[in-house]
Amino acid sequence: MITIGNCSGFYGDRFSAMRDMLEGGRLDVLTGDYLAELTMLILGKDALKDPSTGYAKTFLRQVADSIDLALQRDVKIVSNAGGLNPAGLAKAIEALGTRAKVAYVDGDDLRGRLDSHPDALTANAYLGAFGIAHALDSGADIVVTGRVTDASVVVGPAIAHHGWKRDSYDELAGAVVAGHVIECGTQATGGNFSGFLTMSPQARARPLGFPVAEIAVDGSSIITKQDETGGTVTVDTVTAQLLYEIQGPHYLGPDVTTDLTSIRLQEVGIDRVAITGVTGTPPPATLKVAVNSLGGYRNSTEFVLTGLDIDAKAAWLRDQLDAELPIGPDYTWSTYRVPAPDSPTEEGAACILRLSARAADADAVGRALTAPAIELALASYPGFHVTAPPGRPSPFGIYKAAYVRRDRAPETVHLPDGSTYEVPAPLAYAEASRPSAETSRTSDKVTSRPTGATPRPTGATSRRALGELVYARSGDKGGDANLGLWVPQGKSDAAVEWLLDTVTPEWVRQLLPEAEDLAIDITPLPHLRGVNIVIHDLLGEGVAASTRFDPQAKGLGEWARSRFVDIPEGLL
């Protein structure tokens with residue numbers, strides 16, 4: 001058994017978490033995930049200003065604060081905080097003057113080497129876990145990487161501890177699932193959890209504890225957290241994270257393809273959930289590459305509409321600005337909700353109407369946008385005001401996915417003694433591989449499932465909020481939105497059958513009208529009591545370019561739960 005903790009789910013997570021985890025209980029390895037598609041864009045902009053940067057500076061400060069304690073307790077530290085410059089981060093750690101042995105893994109950076117995206121700001125292949133394992137086997141105390149998959153920082157230590165081989169597919173897949181659960185930090189212990197009201201007041205009062213995975217030699221695991229920390233670990237909190245940012249029944253990784261339909265969960269103690277039964281097959285022959293390019297500039301102005309005649313006020317404002325705004329930029333008006341009548345506060349009687357604009361040229365969305373808007377301050381709807389003074393345009397990025405042969409991104413380990421090691425290729429590949437390039441879907445895809453044994457309820461229905469029956473978790477995958485819906489523990493199997501039978505692309509479009517013209521994928525996951533939904537292109541060109549109210553689809557699941565649907569009365 002190897003015990004692996006997490007201390008970061010994103011660049012900007014709780015700074016004290018590294019030391020807290022080291023002080024909180026026994027660990028073999030402490031991991032941190034600092035990278036996301038948006039983070040790579042941020043690091044790319046940093047590197048433009050100063051090529052010696054491009055890594056997560058927070059991680060360096062955390063190591064400076066905690067490395068002595070990690071060495072004292074013989075805890076290895078593994079993180080993808082190297083970002084675009086793992087060599088620079090390793091050098092900066094060594095400059096701290098500790099006795100820690102530092103290794104780094106690179107080979108993911110393909111900037112300037114992609115014919116399809118020659119001018120990309122960042123282009124990073126998702127590497128795997130065997131480089132991390134080799135670094136640990138070679139005696140490294142700290143391993144930093146560039147863009148490996150989020151789960152790889154967990155899978156690598158498990159490989160090193162258990163001695164798994166390239167074809168240990170079931171074991172690797174089990175570790176991938178454990179890594180996926182803990183990589184987003186406190187999302188596995190009650191953070192962003194639809195069922196937060198089921199958590200005890202004490203669990204919610206304390207800072208949520210970061211998760212821990214105890215991974216066995218067969219790849220099975222137990223997800224838990226350290227004692228005396230806030231939050232909770234239940235089948236439902238683990239399910240919430242398992243349904244986060246996945247795109248189908250097969251989780252494609254650089255080392256293994258994980259069958260998500262094989263996952264079994266069981267509560268085996270207080271704050272202890274076992275993950276068993278996970279199976280894996282060979283990985284695809286190509287690697288996914290996350291590509292960020294500078295897309296131009298954007299700016300926005302938020303108008304406050306108050307009181308009566310909201311629709312008429314908005315229409316007059318739009319008519320006035322449409323006549324004055326320059327042709328060229330891409331303009332987007334947000335939707336708004338008419339306030340409830342007779343509000344006892346002014347804020348309750350108001351709503352926001354946002355005008356956003358994007359263009360290749362900063363000047364086109366600078367004063368050319370804001371001046372016509374502000375000049376209407378005394379000449380438009382009654383109660384005219386804006387939420388903030390006009391701002392300067394800001395650059396935005398566009399995310400795309402590409403796919404390359406593995407020999408285009410050799411995974412290389414740089415060891416503390418100065419030697420290097422190139423990770424061998426996998427022994428076999430999946431018969432059906434990734435596409436050569438990513439394109440927007442134009443049609444729906446529904447994965448079939450075995451017929452359930454529980455009869456679907458019949459009889460009278462009630463028009464009720466979907467959230468009375470299901471929990472949800474949502475997020476972004478490039479320009480696509482991922483939405484997981486599941487029936488929580490304690491509710492009937494008949495409710496699960498109803499959910500699996502009910503969710504179709506057409507039903508999702510009725511539930512979420514913003515998806516009306518978009519392609520939708522449906523993947524039933526009966527053993528998780530739920531279904532995964534991918535709404536293609538809901539987020540346009542990715543979070544950094546989106547002008548949507550919720551650009552990362554973080555609130556999409558809670559919106560879905562608030563929508564009214566016809567639910568059999570016997571399930572309520």
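This is a predicted model: local features need pLDDT of at least 70, side-chain atom pairs count only at pLDDT 80 or more; totals for chains, interfaces and linings use all residues.

Student: How many residues are in the largest nonpolar core?

Tutor: That core has 72 residues. A nonpolar core here is a set of buried Ala, Val, Leu, Ile, Met, Phe, Trp, Tyr and Cys residues joined through side-chain atoms within 4.5 Å. Buried means under 20% relative accessible area, with exposed over 50% and partly exposed in between (1.4 Å probe, protein chains only). Among those with the most contacts inside the core are Ile215, Val238 and Leu265.

Student: Which helix gives the largest share?

Tutor: Helix α7, residues 169-182, with 9 residues. Helices are DSSP runs (H or I, at least four residues), strands likewise (E, at least two), numbered from the N terminus.

Student: What is Leu265 in contact with?

Tutor: Leaving aside neighbours within four places in sequence, its partners include Val235, Val238, Leu242, Ile275 and Leu528. Contact means heavy atoms within 4.5 Å. A second, separate core has 34 residues, Val487 and Ile520 among them.

Student: Switching topic. What lines the largest cavity?

Tutor: Val176, Val177, His180, Leu242, Tyr251, Thr258, Leu260 and Ile263. α7 gives the most, with 3 residues. The space is about 40 Å³. On a 1 Å grid over the protein atoms alone, a cavity is a set of points where a 1.4 Å probe fits but cannot get out; a pocket is an open set with protein on both sides within 12 Å along at least five of seven lines; lining residues have an atom within 4 Å of a point. Points join across faces, edges and corners, and volume is the space filled by probe spheres set on them.

Student: And how much space lies in the second largest pocket?

Tutor: About 830 Å³. Its lining has 24 residues, with Ser334, Thr335, Glu514, Phe549 and Asp550 nearest the centre. Strand β16 gives the largest share, 5 residues.

Student: Last one. How many disulfides?

Tutor: The count is 0, taking a disulfide as a pair of cysteine sulfur atoms within 2.5 Å.

Definitions and conventions
Residues are numbered from 1 along each chain as its sequence is written. Side-chain values use heavy atoms; hydrogens and water are left out.
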